[in-house]
Amino acid sequence: MPLEGAARIVDELTSRGYNAEREAVTLIASAENPAAVLERVVEDVAEDALVVRTDHVETALSTESSSNDSVPQSADPVGEHPPVSTGDNSPSVNESGTQSPGETKGSLPPDDRSRPATDQASTTVDSPRSTSDVDRSSTGNRSVDPELRSLEIDGDMTGESTGTGEYDDFVAVFRDRLERLGSKLKGRVNHRPATAIQSMPGGSEAGMVGLVNDVRSTASGHWLIELEDATGTFPWLVMKDREYADLVEELLCDEVLAMEGTLSDDAGIAFVDSMYFPDVPRTREPSTADRHVQAALISDVHVGSEEFMEDAWNAFADWLYTEEADHVEYLLIAGDMVEGVGVYPNQDEELEIVDIYEQYETFNEHLKSVPGDIEIVMIPGNHDAVRLAEPQPGFDENLRNIMSAHDARIVSNPSTVTLEGVSVLMYHGVSLDEVIAELPEEKASYDDPHKAMYHLLKKRHVAPQFGGHTRLAPEERDYLVIEDVPDIFHTGHVHKLGFGKYHNVLAINSGCWQAQTDFQKSVNIDPDAGYAPIVDLDTLDVTVQKFS
């Protein structure tokens, strides 16, 4: 069978009303007579089955090898079929009361700080259909030559953990952070180690790159910032009347920063003249795909919770079979696939499924409702059954065996996924809680989660502050450093929808698939649930689909 056989097999199966596991398609394509095996599978599979599984194909292969029956090659059943759409493309009503299309392309304004009103950038599916109701007669135009697709993973530390929790491990990870981010700053100041600055005469010009060890205000309202490097610490004073004094409000402990200024007469302190963040270059141009192809970015599914929105998920899965979703070839899930057990106080009172393995088994069944020709990548979150300390490795073998649908790639949190040349930094987003708590509301809030993401890009680190809510696993390498600037930054965790651009990096927090729980109500979290941001990889435009 030619290289495009796998795609043609998927097309043929869906034209007959079946989805298929990736392993099942691979088995059919590698058979001596794929056409005959496919016919045997369709004949033998149960009438009420929706998914062709690997065991169905194995049974068909066994039957085929023990009989002389075969389908002539001239009767090849996996030919091309014209796309047939049964998508619900009914228009929605806009604010003026007139009918308008149900979705809005995300055209970002010049200030790069937009957050669309959810009723202006969404498609509402008023009556979600169950998976069994959808007409799966076609995958539309998604049956492309597999060679057109490319998916690469970078930064996956699964199986690479070396930390033992000893003091020296923590020293090593912070030194790695300082060295890698400091190298981006040392060209901007005349850097001197802390001990060298201590020996310089009063009135000298000095520059230093270091980790923020402490930030505190003086009795006069000025700011004292203590920077630390591998040799020691040195204090820097930011005067309250300087134009950059408001930047102090953005600082987090343990982030890497550069400062330059003038030493006091006694050389015991330096008066800051300028400060620099690692930051994203303003002149950077993002990469884009060479063809029109889309990726769906979602997170926080929370299967197992009483508030998991099954109808909304089914509506999303159904939509992926429609003509409108023809170009959605990738699905990226940024953590919290399940609700987990014991994550917050009295969580057991809000669980629909109390066994963690059963939660993953149920999620896997829901994942099977997604078209089998969509490439899926997922990372863990703080509700998933992995360590809480970041970076979080991908699931162990037990969970991977359970999560078998579509042969999804399960990588660490964070990881960078490159889709046809477009790099997507996937991070679940636990550190967003601290960014929002530490920064002024006008600079970071739950209502505009993408603005909090801007600060992580500016600091070039997904979780700079250690010792608070964000747990750090000491490794030989700081996997949380944003060394290479991504084209897209994708997070979840806070259950809020927001997107915008920071220095040409598209930042997306993708909401959730869980209605408000009693716990969320107690901490005043009003989730944006049932949304699926869709990114055009050739333009980096965003369309938000709503299914609740």
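Mentor: A residue counts as buried when its relative accessible area is under 20%, as exposed when that area is over 50%, and as partly exposed in between. The model is predicted. A search of the whole structure finds 13 aromatic pairs. One of them joins phenylalanine 170 and phenylalanine 466, with ring centres 5.6 Å apart and 40° between the planes, a tilted arrangement. Phenylalanine 170 belongs to helix H5 (residues 167–182), while phenylalanine 466 sits in the loop between helix H11 (449–459) and strand E18 (488–491), so the pair ties together parts that are 296 residues apart in sequence. With 23% relative accessibility, phenylalanine 170 is partly exposed. Phenylalanine 466 is also partly exposed, at 35%.

A second pair, tryptophan 513 with phenylalanine 547, is stacked, at 6.3 Å centre to centre and 25° between the planes. Tryptophan 513 is in the loop between strand E20 (505–510) and helix H12 (518–522), and phenylalanine 547 is in the segment after strand E22 (542–546), so this pair bridges parts 34 residues apart in sequence. Tryptophan 513 has a relative accessible area of 0% and is buried; phenylalanine 547, at 0%, is buried as well.

Nonpolar side chains in soluble globular proteins tend to be buried together. Here the largest nonpolar core has 39 residues, and Phe316, Ile333, Phe363 and Met378 have the most contacts inside it. At least two residues of this core come from each of strand E12 (294–298), helix H7 (310–319), strand E13 (328–333), helix H8 (356–367), strand E14 (375–378), helix H9 (397–402) and strand E21 (531–536). H7 gives the most, with 5 residues. Leaving aside residues up to four places away in sequence, isoleucine 333 touches Ile298, Ser299, Val301, Phe363, Leu367, Ile376, Val377, Met378, Ile379 and Met426. Another core, of 37 residues, lies apart from the largest one and includes Phe174, Leu425, Tyr427 and Ala452.

Lysine 458 lies over the face of phenylalanine 277, at 4.6 Å from the ring centre, and arginine 149 lies over the face of tyrosine 330, at 6.0 Å.

Next, the largest pocket, which has a volume of about 840 Å³. It is lined by 31 residues, of which Asn382, His383, Asp433, His493 and Phe519 are the closest to its centre. Helix H10 (431–438) and H12 each supply at least two residues of the lining.

Last, the backbone. Most peptide bonds are trans, and most residues other than glycine have a negative phi. The peptide bond from glutamate 390 to proline 391 is cis, with omega near 5°; proline 391 is in the loop between E14 and H9. The bond from asparagine 413 to proline 414 is also cis, with omega near 5°, and proline 414 is in the loop between strand E15 (409–410) and strand E16 (415–419). Histidine 406, in the loop between H9 and E15, has a positive phi of about 60° although it is not a glycine. At 1% relative accessibility, histidine 406 is buried. Glutamate 420 has a positive phi of about 50° and is found in the loop between E16 and strand E17 (422–426). Glutamate 420 is buried too, with a relative accessible area of 10%.

Methods
Residues numbered from 1 in each chain as written. Predicted model: local features only at pLDDT ≥ 70, side-chain atom pairs only at ≥ 80, totals over all residues. Heavy atoms only, no water. Phe/Tyr/Trp six-rings, centres within 6.5 Å; stacked < 30°, edge-to-face > 60°. Helix = DSSP H or I, 4+ residues; strand = E, 2+ residues; numbered from the N terminus. Buried < 20%, exposed > 50% of the residue type's maximum accessible area, 1.4 Å probe, protein only. Lys NZ or Arg CZ within 6 Å of the ring centre and 35° of its normal. Core = buried A, V, L, I, M, F, W, Y, C linked by side-chain atoms within 4.5 Å. Contact = heavy atoms within 4.5 Å. 1 Å grid on protein atoms, 1.4 Å probe; cavity = no way out; pocket = protein on both sides within 12 Å on 5 of 7 lines; lining within 4 Å. Points joined across faces, edges and corners; volume = space filled by probe spheres on them.
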